[in-house]
There are 2 protein chains.
Amino acid sequence: MSYDLLIRQIRRHVALSDPDADILRSLTRVKKVRKRQFVSEQGEICRYENFVVEGCLRCYHIDGKNAEHIVQFAVEGWWISDLRSFMTESPADFTVEAIEPSTLIQFGRKEVEELYRRLPALERFFRVMLQNALVASQRRIVDSYSEDAKRRYAEFRERHPDIEKRVPLYMIASYLGITPEFLSRIRQDHN
Amino acid sequence: MSYDLLIRQIRRHVALSDPDADILRSLTRVKKVRKRQFVSEQGEICRYENFVVEGCLRCYHIDGKNAEHIVQFAVEGWWISDLRSFMTESPADFTVEAIEPSTLIQFGRKEVEELYRRLPALERFFRVMLQNALVASQRRIVDSYSEDAKRRYAEFRERHPDIEKRVPLYMIASYLGITPEFLSRIRQDHN
DNA sequence: CGCGACGTTGATTTGCCTCAACGATTGTGG
DNA sequence: CCACAATCGTTGAGGCAAATCAACGTCGCG
């Protein structure tokens, strides 16, 4: 069942009864997307927070020079969206796109508010998720400034061996903030 | 009074009665630090989340080559700590240090838990704070990769004119991920 | 008054980018 | 099922943004 992974994740942090889980189910929806399909687009309003049940997605920004910059990958058990756009209902800075055929559980704006009202424990659950995301994001900033591309690549492989195998190299280059050409050169000297 | 700013900030997001405010006061403490004093240190456990009532602080990491990298500044109304260390009670990756003599309100680990229990509305308040912090952090990642140093400096000045005036240039350089020498060169060509 | 903290300047080096071209797959429509 | 087009990774030559190292001037402060 699509909701198993999500409910297990929630229960690792807060209590959630079976009736609660039913409320959760009734206020969200399952969405399947094919490879390369957009879940939300830069410039549009991001209407959902997405929990990944299955598949692999990326969140990226296209800058003024038409260059793509990947902010985040997401695989099974991760969350992905343009949070600012979702919260403020203003045009998104990021596009969320499927890298593989994927199954998501989508949380709409109103429904999230109702969930918080009816299941206050979720407030805590999302707070914990946000804390983890912030910690990861801050670490990325430090790494991007304190390490050169070769070390960043090595760390990426250690930290995300699962993702490394599922996404093309040019996306990893984009995530690391370098060109595909340069990543290719990194890969050949030595290992 | 030291708590005014904090209580106003909380009330912008959730309801907080005067008795609630008293509970808040009783479970936190006011701390004054002098210029250059450490609030928490890299390698030690970060025991508090800090709300800045007055002053200016920075959060930075020292890497293997002994180079400093500033992750975040904080002035009046901001929060600063090593969140991962605080939550997990493990050695911190960052040092938090006062740039000016400062007044903080400190939230300890146990006390925060008790606050969540007694004032569940705070759970929501902190969730919103974390959302904002995560949005800012993600934007910084994108900017660090999509813009050159000159533009990053210009954006920093626009976005944080208050901070720009209060911290030395070499700290701004560190925050921008460049050397003080290079920032100096940026500043002179043209403005 | 002397010293440390801070900002600047010059010369040189380097990590990474740009542009261009070329194989190897993969996939897709006729 | 084949042919042709994308997609993806790699390689080479040349260029630029930013780092490094060293030196020097200025200010504020103990």
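This is a predicted model: local features need pLDDT of at least 70, side-chain atom pairs count only at pLDDT 80 or more; totals for chains, interfaces and linings use all residues.
Visitor: How many helices and strands make up the secondary structure of chain A?
Guide: Along its principal axes, the C-alpha trace of chain A spans about 55 × 35 × 30 Å. The secondary structure of chain A comes to nine helices and eight strands.

Visitor: What radius of gyration does chain A have, against that of a compact globule?
Guide: Chain A has 191 residues, and a compact globule with that number would have a radius of gyration near 16 Å. The value for chain A agrees with this; it is 18 Å.

Visitor: In what order do the four strands of the open sheet in chain A stand?
Guide: The pairing in this sheet is antiparallel. β2 (38–40) and β5 (68–75) of chain A each have a single partner strand, so they stand at the edges, and one side of each is left without a neighbour in the sheet. Neighbouring strands are turned by 30° against each other on average, direction ignored. The order in chain A is β2-β7-β4-β5.

Visitor: Which residue of β5(A) is the bridge partner of Ile62(A)?
Guide: Strand β4 of chain A covers residues 56–62, and β4 pairs with β5(A) in the antiparallel sense over seven bridges. In β5(A), the partner of Ile62(A) is Glu68(A).

Visitor: Which helix of chain B packs on the sheet of chain A, and at what angle to β5(A)?
Guide: Helix α8 (residues 169–176) of chain A packs on this sheet, touching β4 and β5 of chain A, and its direction makes about 110° with that of β5(A). From chain B, a helix of residues 121–146 also touches β4 and β5 of chain A. This helix is α5 of chain B, and its direction makes with that of β5(A) an angle of about 140°.

Visitor: Which are the edge strands of the open sheet in chain B?
Guide: The sheet in chain B has four strands with antiparallel pairing, in the order β2-β7-β4-β5. Two of its strands pair on one side only. These edge strands are β2 (38–40) and β5 of chain B.

Visitor: Which residue of β7(B) is the bridge partner of Leu57(B)?
Guide: Strands β4 (residues 56–62) and β7 (residues 95–98) of chain B run antiparallel and are joined by four bridges. In β7(B), the partner of Leu57(B) is Ala98(B).

Visitor: What angle does the direction of helix α5 of chain A make with that of β5(B)?
Guide: Helix α5 (residues 121–146) of chain A packs on the sheet of chain B, touching β4 and β5 of chain B. The angle between its direction and that of β5(B) is about 135°.

Visitor: Through which surface do the copies meet?
Guide: The contact takes 27 residues from chain B and 27 residues from chain A. Of the interface residues of chain B, 100% are also interface residues in chain A, so the copies meet through the same surface.

Visitor: Which element gives the most to the side of chain B that touches chain A?
Guide: By class, this side of chain B has 13 nonpolar, eight polar and six charged residues. The elements that give two or more residues to it are β5 (68–75), α3 (83–88) and α5 of chain B. With 17 residues, the one that gives the most is α5(B).

Visitor: Which element gives the most to the surface near DNA strand D?
Guide: At least two residues each are supplied by α8 and α9 (180–188) of chain A together with α6 (149–159) and α9 (180–188) of chain B. With six residues, the element that gives the most is α9(A).

Visitor: Which element supplies the largest share of the surface near DNA strand C?
Guide: The largest share, six residues, comes from α9(B).

Methods: Residues are numbered from 1 along each chain as its sequence is written. Chains are lettered from A and ligands numbered from 1 in the order in which they are written. Two strands pair if DSSP finds at least two bridges between them. Axes are lines fitted to C-alpha atoms, for helices over the stretch in contact, and angles run from 0 to 180 degrees between N-to-C directions. Two residues are in contact if their C-beta atoms, placed from the backbone, lie within 7 Å. Ala, Val, Leu, Ile, Met, Phe, Trp, Tyr, Cys and Pro count as nonpolar, Asp, Glu, Lys and Arg as charged, and the others, Gly among them, as polar. The radius of gyration is taken over C-alpha atoms; the globule rule is 2.2 Å times the number of residues to the power 0.38.
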